[in-house]
Amino acid sequence: MMMLVAAAAFVAGPALADLVKVDNQQSFVQLVNGKTLTRPFVKLNVKPDGQIEGRGARWDVEGTWSWRDGYFCRDLFWGGDALGYNCQEVQASSDGRIKFTSDRGAGDSAMFRLR
C-alpha cells in the first residue's frame, strides 16, 4: 500500500511542476484572450478590456480586473454578492491550466482549464 501511495505522489508531482508564474499583463492577456476559464460548475471570461463575466454554479459572476505590480487584481461579484478586491498570483502551464492564488500568492488557490 505504501508503495502505491509513493508511486501516486511521484506521478502527480511533476504535473504541477510545469506551472510558471505569469508576471506581466501582456502575457496574461495572451493566455486568456478569447478563452473560457473552466472548472466544475464555473465558466469565466476574463476580457482584455478589464471585464470579468461568467457563471459560478447557478449565479452570474461579474467584475473588473487590472494588472498591478505583477499580480492580477480583481473586484468580483457572484450572484450580486461582493467577493471583494484581491490581488492574485497567476501561474500557467503549457497544457492549458491556469492557477490563481489569492493574497499575492499567500492564500487559497483555484485551478482552471483554458478552453
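Q: Which residues form a disulfide, and how far apart are their sulfur atoms?
A: C73 and C87 form the disulfide, with sulfur atoms 2.0 Å apart. The term means a pair of cysteine sulfur atoms within 2.5 Å. The value for C73 and C87 falls within that limit, so the pair counts. One disulfide is found by this rule. The model is predicted: local features need pLDDT of at least 70, side-chain atom pairs count only at pLDDT 80 or more, and totals for chains, interfaces and linings use all residues. Residues are numbered from 1 along each chain as its sequence is written, and side-chain values use heavy atoms, with hydrogens and water left out.

Q: Why is the disulfide of C73 and C87 called right-handed?
A: Look at the torsion about the S-S bond. For C73 and C87 this torsion is about 110°, so the disulfide is right-handed. The pair links distant parts of the chain: C73 sits in strand β6 (residues 71–78) and C87 in strand β7 (residues 81–92), 14 residues apart.

Q: Why is C73 called buried?
A: Buried means under 20% relative accessible area, exposed means over 50%, and partly exposed lies in between (1.4 Å probe, protein chains only). C73 has 1%, so C73 is buried. C87 has 10%, so C87 is buried too.

Q: What makes up the secondary structure of the chain?
A: The chain has three helices and nine strands. Both are DSSP runs, numbered from the N terminus: helices are H or I with at least four residues, strands are E with at least two. From the N terminus on, the order is α-β-α-β-β-β-β-β-β-β-α-β.

Q: Why do D18 and R97 count as a salt bridge?
A: A salt bridge is a side-chain nitrogen of Lys or Arg within 4 Å of a carboxyl oxygen of Asp or Glu. The closest N and O atoms of D18 and R97 are 2.7 Å apart, so the pair qualifies. This pair links distant parts of the chain: D18 is in the loop between α1 (2–17) and β1 (20–22), R97 is in strand β8 (residues 97–101), and 79 residues separate them. The general idea is simple. Side chains of opposite charge can pair when their charged atoms come close.

Q: Are D18 and R97 buried or exposed, or in between?
A: D18 has 29% relative accessibility, so D18 counts as partly exposed. R97 has 8%, so R97 counts as buried.

Q: How many salt bridges does the structure hold?
A: The structure holds four. One of them pairs D60 with R55, whose closest N and O atoms are 2.8 Å apart. D60 is partly exposed at 46%, and R55 is partly exposed at 40%.

Q: What makes F28 stand out in the largest nonpolar core?
A: The core has 21 residues, and F28, L37, F72 and I98 have the most contacts inside it. Among the elements that each supply at least two residues of this core are α2 (25–32), β3 (42–46) and β9 (109–114). A nonpolar core is a set of buried Ala, Val, Leu, Ile, Met, Phe, Trp, Tyr and Cys residues joined through side-chain atoms within 4.5 Å. In soluble globular proteins, nonpolar side chains tend to be buried together.

Q: Which residues is F28 in contact with, leaving aside its neighbours within four places in sequence?
A: Contact means heavy atoms within 4.5 Å. The partners of F28 include V22, V46, W65, F72 and I98.

Q: Why is W59 called partly exposed?
A: W59 has 40% relative accessibility, so W59 counts as partly exposed. W59 is found in strand β5 (residues 59–68).
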